Amino acid sequence: MGRSAQFAEYKKRLLRIALKEITATCKTETIRLVLHWQGGDHTQVEFPKIHTGQHCYATDHELVEMIGKLARIEPDARIASILNKNEHRTAHGKSWTARIVCAMRNRHAIPVYRQGERQDRDEISVREAADALGVTPTTIFRLIQLKQLPAEQICGNAPWILLKK
């Protein structure tokens with residue numbers, strides 16, 4: 001038996017010594033466990049039920065939508081950077097990489113970013129707007145903050161996108 005198997009057996013033995021009983025109840029969408037400890041204390045734990053065809057390592061639907069929107073304006077490496085700066089983690093609790101973003105896009109049929117795609121939709125970046133107007137990006141950010149330039153930001157740390165029209 002390997003070391004990890006021995007360690008797992010040791011943890012199981014400790015739990016069997018400490019726990020007197022576990023009571024599980026299942027209500028519509030929630031599973032509730034009540035742990036009865038040998039000392040007389042009780043601990044209650046609740047978690048959502050995992051449905052048939054699902055698993056506990058599913059990426060949050062809102063995060064998948066955010067990746068879809070970011071994929072319209074940024075390549076995978078930049079998307080990974082934005083997600084990590086916003087402290088989003090993968091379903092397995094890991095940091096994002098370009099490879100993981102690519103796999104997520106493929107799994108959810110999100111098209112890859114195409115150079116020039118933003119321009120086809122008449123969208124420009126803050127830097128492009130600053131260059132076109134002959135001002136600094138700081139001035140553009142100030143105009144966005146004052147709501148004098150219509151712009152949107154998909155999430156924190158993502159680039160601001162302005163409409164030309």
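Two strands pair if DSSP finds at least two bridges between them. Strands (E, at least two residues) and helices (H or I, at least four) are DSSP runs, numbered from the N terminus. The model is predicted: local features need pLDDT of at least 70, side-chain atom pairs count only at pLDDT 80 or more, and totals for chains, interfaces and linings use all residues. Residues are numbered from 1 along each chain as its sequence is written, and side-chain values use heavy atoms, with hydrogens and water left out.

**Stop 1**

Strands of a sheet pair through backbone hydrogen bonds, either parallel or antiparallel.

Zoom in on E1 and E2. Find Thr25, which stands opposite Arg32 in E2. Now pick Thr23; its bridge partner in E2 is Val34. A hairpin through 2 residues joins E1 to E2.

Move across to E3. It is joined to E2 by 7 bridges. Leu35 stands opposite Thr43 in E3. The hairpin of E2 and E3 has 4 residues between the strands. Click Gly40 in that turn: it has a positive phi of about 105°.

Axes here are lines fitted to C-alpha atoms, for helices over the stretch in contact, and angles run from 0 to 180 degrees between N-to-C directions. Contact means heavy atoms within 4.5 Å.

**Stop 1: the largest pocket**

Select Tyr57, Thr59, Ala91, Met104 and Arg107. Of the 15 residues that line the largest pocket, these are the closest to its centre. The pocket holds about 290 Å³ of space. A pocket is found on a 1 Å grid over the protein atoms alone, as an open set of points where a 1.4 Å probe fits, with protein on both sides within 12 Å along at least five of seven lines; lining residues have an atom within 4 Å of a point. Grid points are joined across faces, edges and corners, and the volume is the space filled by probe spheres set on the points.

Which elements give two or more residues to the lining? Color helix H2 (61-70) and helix H4 (98-107) to see them. H4 provides the largest share, 4 residues. The lining divides into 8 nonpolar, 6 polar and 1 charged. Here Ala, Val, Leu, Ile, Met, Phe, Trp, Tyr, Cys and Pro count as nonpolar, Asp, Glu, Lys and Arg as charged, and the others, Gly among them, as polar.

**Stop 2: the sheet E4-E6-E5**

Select strand E4 (123-125) and strand E5 (151-152), the edge strands. The order is E4-E6-E5, in an open antiparallel sheet. Ala151 has Leu162 as its bridge partner in E6. H6 packs on this sheet, touching E4 and E6, and its direction makes about 90° with that of E4.

**Stop 3: H6 and H7**

Show helix H6 (residues 126-133) with helix H7 (residues 137-145). They pack at an angle of about 105°, with axes 8 Å apart. That makes H6 roughly perpendicular to H7 (65 to 115 degrees). Val126, Arg127, Ala129, Ala130 and Leu133 in H6 meet Pro137, Ile140, Phe141 and Ile144 in H7. These contact residues divide into 8 nonpolar, no polar and 1 charged.

How values were computed. Angles under 35 degrees count as roughly parallel, over 145 as roughly antiparallel, 65 to 115 as roughly perpendicular and the rest as oblique.
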